[in-house]
Amino acid sequence: MIKNIVFWILAILITIVTAYYQRRTGPTYPVSGEITAENQTINWKFYRTHGGEGDQEVSVIIPDSTTGEMRWKYYKSDLPWQTVTMKRSGDTLRTFLPHQPPAGKLEYYIELNSGQNLYRLPPEENVVIRFKGAVPISVLIAHILIIFSAMVLANRTGLEFFKKEPKVRKLTLWTIIFLAAGGFILGPVMQKYAFGEFWTGFPYGHDLTDNKTLIAMIGWLAAWFMYKRSAKPERWALFASALMLIVYLIPHSLMGSELDYSKIKNKETIHQADTTIISRDSL
């Protein structure tokens, strides 16, 4: 009984650490840092994802004597850089990036002028932000809860290997059910809302998140298939658990959705429906 409780707690902790790592290392996590300007420490944070309608605000809290400009362009395009003067509102300099169609990406950075000093934020690389359609909050919450539960079940099933009398049949089945519901039902629904397609993984494309989910499911189906065919099915459960852990350690939204701006004749047509998406990824 005590070992079961310990294993469930350990499975939850592994899931939380994995999810945190995946989120922090993904390309949609905000870029942040700090600089020293006019003898003050200035903290800044720029977003790399925008869901729903409206433009994306870009702002920095900075002393009154500082001015700023934002430079932005369409990602991976030969269209020229645009320069926008940031407007001051109290102690904040702000401006906006223009809204893009789902999977559209912009790259941008800020230049601040404080007396004799010029600051670039971020100091070296540009920020790349991806736009996506709005996903209903009910779908988003359900997807997160079910996928989180699938990961907990997967980790807990793998830990069953370390018991004297492992029992993996029911745990394996529940893992498959939750993974199917979260990854193959709610996941595609979210992707449809965000990017207009249900599935762009194998065999239709190279979407990394779709393919990660597919690989994890293959591992668990193999564990289920071998349950009555192997003398030690808990080894297969451990294999499927480790496989799922490895694929979900890959940063979320890596190789994400991306409009091919080279297919657009001029920037005035970007908001029309004849844009071409070269790849998609889930949220």
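Which residues make the nonpolar surface patch of about 660 Å²? The legends below start with that patch. The model is predicted, so local features need pLDDT of at least 70, side-chain atom pairs count only at pLDDT 80 or more, and totals for chains, interfaces and linings use all residues. Residues are numbered from 1 along each chain as its sequence is written, and side-chain values use heavy atoms, with hydrogens and water left out.

**View 1. Nonpolar surface patch.** M1, I5, I9, I12, L13, I16 and F148 make the patch. Patch members have over 30% relative accessible area and no salt bridge; nonpolar side chains (Val, Leu, Ile, Met, Phe, Trp, Tyr) are joined within 5 Å, like charges within 9 Å. A salt bridge is a side-chain nitrogen of Lys or Arg within 4 Å of a carboxyl oxygen of Asp or Glu. Areas come from the Shrake-Rupley method with a 1.4 Å probe, and for residues only the protein chains shown count as cover. Helix α1 (residues 2-25) gives the largest share of the patch, 5 residues. F148 sits in helix α2 (residues 137-159) and is partly exposed, with a relative accessible area of 31%. Helices (H or I, at least four residues) and strands (E, at least two) are DSSP runs, numbered from the N terminus.

View 2. Of the 10 residues of β9 (residues 105-114), 9 are buried; buried means under 20% relative accessible area, exposed over 50%, and partly exposed in between (1.4 Å probe, protein chains only). Strands pair if DSSP finds at least two bridges between them. β9 runs antiparallel to β5 (residues 67-74), with 8 bridges, and T67 has N113 of β9 as its bridge partner. Antiparallel pairing with β11 (residues 127-132) has 4 bridges, and E107 is opposite V128 there.

**View 3. The β9-β10 hairpin.** β9 and β10 (residues 117-121) pair antiparallel over 5 bridges, with E111 opposite R120. The hairpin has 2 residues between its strands, and G115 in the turn has a positive phi of about 70°.

**View 4. Largest nonpolar core.** F46, Y108 and L112 touch the most other members of this 32-residue core. β9 supplies its largest share, 4 residues. A nonpolar core is a set of buried Ala, Val, Leu, Ile, Met, Phe, Trp, Tyr and Cys residues joined through side-chain atoms within 4.5 Å. Contacts of Y108 (heavy atoms within 4.5 Å) include F46, M70, W72, W81 and I129, not counting residues up to four places away in sequence. Another core, of 16 residues, lies apart from the largest one; among its members are L179, A240, M244 and V247.
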